[in-house]
Structures are given as C-alpha cells and as structure tokens.
Amino acid sequence: MQQKLLNEAMAGVAGGNDFQWCFSQVKGAIDEDVAEADIISTVEFNYSGDLLATGDKGGRVVIFQHEQESKNRPHLRGEYNVYSTFQSHEPEFDYLKSLEIEEKINKIRWLPQQNAAHFLLSTNDKTIKLWKISERDKRADGYNLKDEDGRLRDPFRITSLRVPVLMPMDLMVEASPRRIFANAHTYHINSISVNSDHETYLSADDLRINLWHLEITDRSFNIVDIKPANMEELTEVITAAECHPHQCNVFVYSSSKGTIRLCDMRAAALCDRHSKFFEEPEDPSSRSFFSEIISSISDVKFSHSGRYMMTRDYLSVKVWDLNMENRPVETYQVHEYLRSKLCSLYENDCIFDKFECCWNGSDSAIMTGSYNNFFRMFDRNTRRDITLEASRESSKPRATLKPRKVSTGGKRKKDEISVDSLDFNKKILHTAWHPKDNVIAVAATNNLYIFQDKIN
Amino acid sequence: MECAFDAQNLISISLRKIQSSRTQRGGIKLHKNLLVTYVLRNARQCYMSKNALQTQRTPPYEDAATVRGRQEYLELTGSFTEFADDFDCNFAGVQSDTWHCGAHQSMAQHMELGHQDASACAMVSPSDSDLMVSEACWSCADKSSWELPISNTQANQKTVLDLDTHVVTTVTNGYFHSDCCAQPKQPQAAAPCYTRKRKMDTSYYIVDPEFYLPDFVPLSCKRMRSEDDDDDDLESDSEQLDSANISNLISVLGSGGLSEFVSWQQMDLEQIFGSQTICSKHTLLAGSGWTRAIEAF
C-alpha cells in the first residue's frame, strides 16, 4: 500500500501526470570485474538526439544511433545500436615533465550537423580532437586503371574503356580525426563547449580558458587566466565552463569556491574581469572541515532557453537566473543524508567525485546522479523529485522503474535502503537527456542504461 | 579533544592523499590537491584552537637527554608544524593574503628562493644561496612554533635541513652550526657537500607544470599561444622557478617521509603537540624514505 502511494506520489516527474520511466536498453559488459578502461567517463546526445556518444577511460568513443521505430511495436521508441567505435586518444608521456597523460575522455561535444557527416569534439586532459564520422554505403566498381583487387593494371593491356559504376556495399561508418588541437593547456582540461556561432569553441583547464576556431589548430586565444603571479596565492581553480546557447559572446565558468562568473567577450579581449558574479552566501551554521570541498562546483549547464543555468556541487543542484546574482532561484538537495558522512567520504575519496547534471529538452526538469547507481530527477514545475536506480535487476524490457528511497532515520521502512548500505563504488556521474524526447542515458560505471518514458 | 583527534586524523589522511597524488597516473590533480589543503587548513585551525592552552604549558627548554629520548616524536612534531604552517600560509585565505610561512626572507630574495617558499621549512633550495627556513619552525626559543612571525626582514639566523644527512643545522651569518647541544660545523666543509647534494634534490622536485612555461606576468591582451611556445619558454626561462606552488608543496611531503607522519597517529598526541621546542641535533626521518625518493630520480 505504501509503495503504491509512493509510486503515485513520485509519478509525474518530467512530463506531466501519469508519467513513468521504464527500462529500454543497457550497453556494456555484465562482468563483475570492471576493467578500468571500460568505465564510461562522458555521455552526450547530439543536437537531434539520433546519436548518442560515450567516452571511456580507455580513450575510446562509442557512438550509438537511434533506429527507427519498429512498425510492429509503434508504442516503443526505436533502440540505440552501435554506430561507430574508435580510439580517440592514446596514453601519452610528456618526457619533458615526466608526466603521463591519461587517455581518458573527459568530454565529448557534438557540433551541429551541417552535411551528411557528423562532427564531434573529444578531449582528454591535454588534447582536443575534432572527429568526422561519415557513412560509406557505396563503392565504385569498374575502374580502368586498376583491377578489383586494387592493383594497378598494365596500361598497355587496356583495350577498352568503361565508366565506373557505384555499387551498394555494406554500410561502413568511418571516423577520422580532422583536427587536433594540442599544446594549449598546461593544466588538465575539464570542459569544452561549442559556441553558438558554430565556428569557435572554448576549452577550459584548471586555470585557463582558451577560445579556438574549429579550422585553426596551431593557435588559440586565451580569454581567461586565473593563475596568480605567485602560485602560493592560488585559492581557486576553474571547474567547468560553457558557452551561452544563443549569445556567442557570453560564456560562464564555475570555480572550486562555488562561484560562477559570466563573461562577455565583447567587453575585453581578456575576460579575467567578469560581467556577472554568482555566489550564494555560505551558511555559517553548516561550516565544517569539508565546506570548501562540498561547495566546489562540478558542473555548470545553461538551460536550452539561455535564461537559466544550473550548477552541481557535491550535495545539491542549484538553478540560477542569469538576472539574479546573489542567490539561486531553486535549490534541490540530491543526497543531503551524506552530510553526516563527509568524513568517511573524504577518506575514501568519494567527496571528490564530480557529478554532472542536465536539463530536459523543455527545461522543465533536471537530472543528476548519486551513489548506489541512483539518479535523481527534479520537476521544476511541480517541485516533485524522484530517485531511480540503474541496475541489472530492473533491466527487463519495458519494466517500469520503481522509485527508490534512502532512509535517514533510525527506522527503515520496507523497500528503503539505509545510508550505510549504499554502495559508494556504484556512482552515476554522467547522465544525458535527449534534446527533444523523454529518453535518458545514464552511465553506471561501465554500463550505459537507456530509459524512456512509458506513455500511458 | 574529540575535535582535536578528528583534526589530527584528518591531517594525517590529507597528507597521505597529497603523497599518493604524486604517483597517480596523469600527474598531480591541481583541483583535488587544492581542496585537500583546505581541509588541512581547517583541521589545523581546529586543532590549534583546542590546544592553545596546552602549548602555553609546555616547558621552554628541554635538556639534550630528554630531547634525544623523545627524538622521534620531536622530529615529527617539528615536521608536522612546518608542514601544517606551510599549508596554512599557502592557503590561509582568511588568515593571510600572501604567502609567508614565517620564512625570514627579504623581498629581494623572494623570487630567488621563491621556489622554496612553499616548502621552506623542509626542503633544500636549489639556489646557491643559503637555504631556508624560518627559525621559528625549529627554534630553541620558548616561543611557540604555532605563532610564526610573519616578517620580511632577513634574520641573522637561518635553519637548514640537509635532505641527505637529515641533519638540521642553524646558519648564523653564513656560518653553519648545529642546533644547541650539537657540534658546530665549519661552513667550508659543509658548503661543498651541501651544494653537491642540492643538485640531486633539484631533480627530486615535482615542479609546477609550467616550470618550463613560466607565465608570471598576466597579460592584459588576448594571448595567442602557438605550439612553439613550449620550446621557446624552455630555453629562455629554464632558470626561473615558479615560487611556492602546490606541486612544490607536495614535493615537501616526500614519498618516504609521509609514512612517518602516518605512524604518529598511534603516538601520544599530548606528547607530540605538547612539545614545541627542538633543541638538539636530530635526525629527521631516519628511514630511507627521503633517500629512496631521491634515488628514484
């Protein structure tokens, strides 16, 4: 009875009433032993939502493509199947500094599609690459100068001429690196963001933000530099940056101090001085050893409308109105029950986990991850929230996801899970929401879960 | 006391994290280490506030025998003090805006010895000049080493830590002599040995990632960075060292040394933090942790 009430209370998040999420697909190995290289490090839908890209710690990019809906089961959306897989980055060694550069893909960002090919940017700690993903489903047959094996024919043996004919072939998807943007970041790149002008993009590391032109690889403009003259004066680093979705002159970057700066590239060549400064005053009563850590912003995302932006810190998600700098307009607690566990989380390094957040297509809901393979959704209109779990146990086709609840009090109710039982090794750091439909992709370690709405 | 114990625990954990970050794949994570130093600062502040009374009760001077008997504790005490102060000074935020660490250095010397500011209390400067540390960190005086004078005036006395012999000596007006109760050393004998070893130490440091790309002066215009920047900067600025950066801070906490800090968790906290004076020649970290680290390079 209580579960039924809970379901009814939780239903309706992201899409109105009678809205429920159900399992669609899961990608990845089922093995208990997870290879570190297979851990997914970024997830991103393209602008149309037809393509879904994932990057992993091994430097690979896997792109899934949305298949058309089946005529037999029109009530279901089509599935995402592997479209292309390629090795984007390899481990490198900086001999000068004796440092190994990880091949882990930190971010993938799609470019708007302008022709038949698809383009995306992928980055590791040091190098950004522009990849072209194109299809080839025809091949030319009947060359005059070379035979079918590709070997050159003796010109003196050619007695007749023929016109090559395009023959169909099995679809081949090719990924080729078109640009490599290297040697511009001394510190670890944490963000890339394509500008709305579709010609430039920015890349951010701990202390600097660079502006690139997609066609030019041998130079970039440094637009933000917060490195102090003396490093001993360093008090904060850049944690995320994003271009405004519509205003190509505006971008924001967040800091480890929990602040967000909005900059206008028209104001000055060097945007060290912000145009707007967003900061919520700290509550002195909640001060602890870890106040600085939990206030560090791990992700910042503009809404699709461009009116709002969302930030994620360790315990909460905040929605900011760009017109109001002194406090967020909405604050959602993701897992407040962890506040009393910060010491343990510091010890096992979980407190340094960088959770991402995302908007749905209409900006009416937001989503972010948590531990125990839980992820949370918040409906901004109804103020309802829901906790769901990405697990193999609930991975039956079209199975409705059951809302989960973490018990914080002493008495644990049935179907609730206690805080101490949470598995902190199962963390959902990366999530993505389809730009138009209610389809979400959730990365749980080495598995990618795809959920969709169940239209009643 | 519970707060003090938690703080001590946190400090130990934090130091361990910084140590392990040096060997992590992908290099030192600036963001994470910055956050760890904030925890260190907070923990230290908490501990200091709880132990303020205890420090006042400690005897101003201890004879050599007593000190030697508790040598191990004192070494770690001194080290903890200086490292905690390093972090406190480095990321004081509220407490101080600039880096001082109590190191008595003139501003003129600041850049030259700047590389060592962050680790001034423990590391040998790669520069040829005397290397230093605030005497307050290792002082035989009765003043608490928690209360580091923040001054830019150059002191006549400087305390020197030789990383190879692990001997702490005090330099007065250019002359080396061991701390109280130990034999004085001649500068001529000590200097050559010191200089030679310093070269080894230099290679031991994890320098700022931009050691080869110094960028001390912020530019006011859009900067164009080309792929050739690396080579040019390396050639022209190889002698410049970025002063007091997190990487150097981390290098202070050498791979072997931190194991000692971890071990003092089991020790009597009252004893350790009660004693603020170090009055004799003492060997820091008798284990070969530091040496191992140097040999690795």
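This is a predicted model: local features need pLDDT of at least 70, side-chain atom pairs count only at pLDDT 80 or more; totals for chains, interfaces and linings use all residues.

Reader: What scores does the model carry, and how confident is the predictor in chain B?

Author: The model scores ipTM 0.89 and pTM 0.70. The pLDDT is the predictor's confidence in each residue, from 0 to 100. Chain B averages 48 on that scale, and 16% of its residues score at least 70. Within chain B, confidence is highest in helix H2 (residues 30-57), at 86, and lowest in helix H11 (residues 289-296), at a mean of 30.

Reader: Which stretches of chain B stay under 50?

Author: Residues 69-155 of chain B do, and the model has 243 contacts for them beyond four places in sequence (a contact means heavy atoms within 4.5 Å). The pLDDT is also below 50 over residues 174-209 of chain B, a stretch with 96 contacts in the model beyond near neighbours in sequence.

Reader: What makes a segment of chain A a helix or a strand, and how many are there?

Author: Both are DSSP runs numbered from the N terminus: helices are H or I with at least four residues, and strands are E with at least two. By that rule chain A has three helices and 32 strands.

Reader: Why is the sheet of E8, E9, E10 and E11 in chain A called open?

Author: Two strands pair if DSSP finds at least two bridges between them. The four strands follow the order E8-E9-E10-E11 with antiparallel pairing. Strands E8 (107-110) and E11 (165-181) of chain A each have a single partner strand, so one side of each is left without a neighbour in the sheet. Neighbouring strands here are turned by 25° against each other on average, direction ignored; the axes are lines fitted to C-alpha atoms, for helices over the stretch in contact, and angles run from 0 to 180 degrees between N-to-C directions.

Reader: How do you know that E9 and E10 of chain A pair?

Author: Six bridges join E9 (residues 118-123) to E10 (residues 128-141) of chain A, where at least two are required.

Reader: Why is strand E22 of chain A described as largely enclosed?

Author: Buried means under 20% relative accessible area, exposed over 50%, and partly exposed in between (1.4 Å probe, protein chains only). Six of the six residues of E22 (residues 316-321) of chain A are buried, so the strand is largely enclosed by the rest of the structure. In a regular strand the side chains alternate between the two faces of the sheet. On one side of E22(A), Ser316(A), Lys318(A) and Trp320(A) are buried, and on the other Val317(A), Val319(A) and Asp321(A) are buried.

Reader: Which strands pair with E22(A)?

Author: Five bridges join E21 (residues 308-312) of chain A to E22(A), antiparallel, and these two form a hairpin with three residues between them. Tyr308(A) has Asp321(A) as its bridge partner. Four bridges join E22(A) to E23 (residues 330-333) of chain A, also antiparallel, with Val319(A) opposite Glu330(A).

Reader: What makes Trp21(A) and Trp433(A) an edge-to-face pair?

Author: Rings of Phe, Tyr and Trp (its six-membered ring) pair if their centres lie within 6.5 Å; planes under 30 degrees apart count as stacked, over 60 as edge-to-face and the rest as tilted. The centres of Trp21(A) and Trp433(A) are 5.6 Å apart and the planes stand at 75°, so the pair is edge-to-face. Trp21(A) lies in strand E1 (residues 19-27) and Trp433(A) in strand E30 (residues 430-433) of chain A, so the pair ties together parts that are 412 residues apart in sequence. Trp21(A) is buried at 3% relative accessibility, as is Trp433(A) at 6%.

Reader: Why is the pair of Tyr314(A) and Phe355(A) called tilted instead?

Author: Its centres are 6.2 Å apart and its planes at 50°, which falls between the two angle limits and is therefore tilted. Both Tyr314(A) and Phe355(A) are buried.

Reader: Why does Ser84(A) count as buried, and what does this residue touch?

Author: Ser84(A), in strand E5 (residues 80-87) of chain A, has 5% relative accessibility and therefore counts as buried. Not counting residues up to four places away in sequence, Ser84(A) touches Val61(A), Val62(A), Ile63(A), Ile133(A), Val173(A) and Ala175(A). The C-alpha atoms of Ser84(A) and Val173(A) are separated by 6.1 Å, although the two are 89 residues apart along the chain.

Notes:
Residues are numbered from 1 along each chain as its sequence is written. Chains are lettered from A and ligands numbered from 1 in the order in which they are written. Side-chain values use heavy atoms; hydrogens and water are left out.
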